[in-house]
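This report describes selected features of a protein chain. Please consult the sequence and the structure shown here alongside the text.

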Amino acid sequence: MRLAFPLLSAAALLTACAPSVSPVPAPVPGVRVQSWAVSVRDTAAKDIYIRNDGEEDLVITSMQLYGCQNLKQECKVYAPNVVLPAGKTVKAMRLEPENTKLTWKYQYTYATRLMTAARAPIASSTSVVTGFSRIGMVPFVGLGGAEEFVARVPPVIGTAQCNPSGPGPAGITTLMMVMVGDASTTPSLFFVDLDGAGKAVLYTEMRGNLRTAPGTPGSDTLPPRTTISVRVQQGIANLLNEGGGKPAEYYAVTGPAVMTAKALGNPAEMMARVIKECGK
């Protein structure tokens, strides 16, 4: 399996007009980011496009290929750290079969955060959970304490792998760790955003279903997912339970206890691990 894109970079994510060779999804109220695949004329390849329908610039922090078969590109998590301006579309990646005579398939998911994540207010809809894209108008409900949270998906215990990272827009560096359990579990993703001084500003853990981004309307019939996002310096945690055939649950909790709460997987401990193992 050959690697066509060792890392998504500014050169790989090019701002472009939406292509006219394939239908482009219309904006959906409450859905900030949309993506789609376009067949490349006269080849077996497909181009993946991502569009920002919001009013604030975003940063594409990760793009994961998974469930791959006969794919030329390496099936893994990439960390582009590239700006996705408001109202703009980028071509994120071109995918091709290894052997054009055989069936090929893939799945992908991606993550974004606001360029101005540090100033995102708790009442704001899309900017509260800054670690992932497509978080729409979600009704966050306050919890009395972090230990009241019951995760829909348990944490994965297994082998950890770091993804390459480097300085991104606005001096933010995103560290990424993938935790893989046995064959029956879906990998968990961990993100830590560091400011220019190397201080952690955002911690995010995503467990379970990676097929759609958190907050996507109509995703409750998909496999379950739990997303934990903590604005470290403010001591604010936003907690999402989605999928599994159950109504979505969106909670917010504040205070220093969020960093050590067992119900949240002990964010301080996991954040320290990501920084130690992936911040080299």
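## Aromatic pairs

In this predicted model, the count of aromatic pairs comes to two. Trp-36 and Tyr-49 form a stacked pair, with 6.0 Å centre to centre and 15° between the planes. Trp-36 belongs to strand S2 (residues 33-39) and Tyr-49 to strand S3 (residues 46-52), so this pair ties together parts that are 13 residues apart in sequence. Both Trp-36 and Tyr-49 are buried.

Phe-149 and Tyr-251 form an edge-to-face pair, at 6.1 Å centre to centre and 75° between the planes. Phe-149 lies in the loop between strand S9 (141-142) and strand S10 (159-163), whereas Tyr-251 is in strand S16 (residues 249-254); the pair therefore ties together parts that are 102 residues apart in sequence. Phe-149 counts as buried because its relative accessibility is 4%, and the cut-off for buried is under 20%.

Strand S14 (residues 225-231) is mostly covered, with seven of its seven residues buried. In a regular strand the side chains alternate between the two faces of the sheet. Arg-225, Thr-227, Ser-229 and Arg-231 point one way from S14, while Thr-226, Ile-228 and Val-230 point the other way; all are buried.

S14 is joined to strand S13 (residues 200-208) by seven bridges, and the two run antiparallel. Here Gly-208 stands opposite Arg-225 of S14. Seven bridges also join S14 to strand S15 (residues 236-242), again in an antiparallel arrangement, and Ile-228 has Leu-239 in S15 as its bridge partner. S14 and S15 form a hairpin with four residues between them, and Gly-235 in the turn has a positive phi of about 65°.

## Surroundings of Lys-105

Lys-105 is found in strand S8 (residues 105-114). Its relative accessibility is 46%, and Lys-105 therefore counts as partly exposed. Leaving aside residues up to four places away in sequence, Lys-105 touches Gly-67, Cys-68 and Gln-69. Lys-105 and Gln-69 are 36 residues apart in sequence, yet their C-alpha atoms are 5.2 Å apart in space.

## The chain overall

The chain has one helix and 16 strands. Of its 280 residues, 51% are buried. Among contacts with a separation of 6 or more, 59% involve residues 24 or more positions apart. The accessible surface of the chain comes to about 12500 Å², and carbon and sulfur atoms account for 56% of that surface.

Conventions: Residues are numbered from 1 along each chain as its sequence is written. This is a predicted model: local features need pLDDT of at least 70, side-chain atom pairs count only at pLDDT 80 or more; totals for chains, interfaces and linings use all residues. Side-chain values use heavy atoms; hydrogens and water are left out. Buried means under 20% relative accessible area, exposed over 50%, partly exposed in between (1.4 Å probe, protein chains only). Contact means heavy atoms within 4.5 Å. Rings of Phe, Tyr and Trp (its six-membered ring) pair if their centres lie within 6.5 Å; planes under 30 degrees apart count as stacked, over 60 as edge-to-face and the rest as tilted. Accessible areas come from the Shrake-Rupley method with a 1.4 Å probe; for residues, only the protein chains shown count as cover. Two strands pair if DSSP finds at least two bridges between them.
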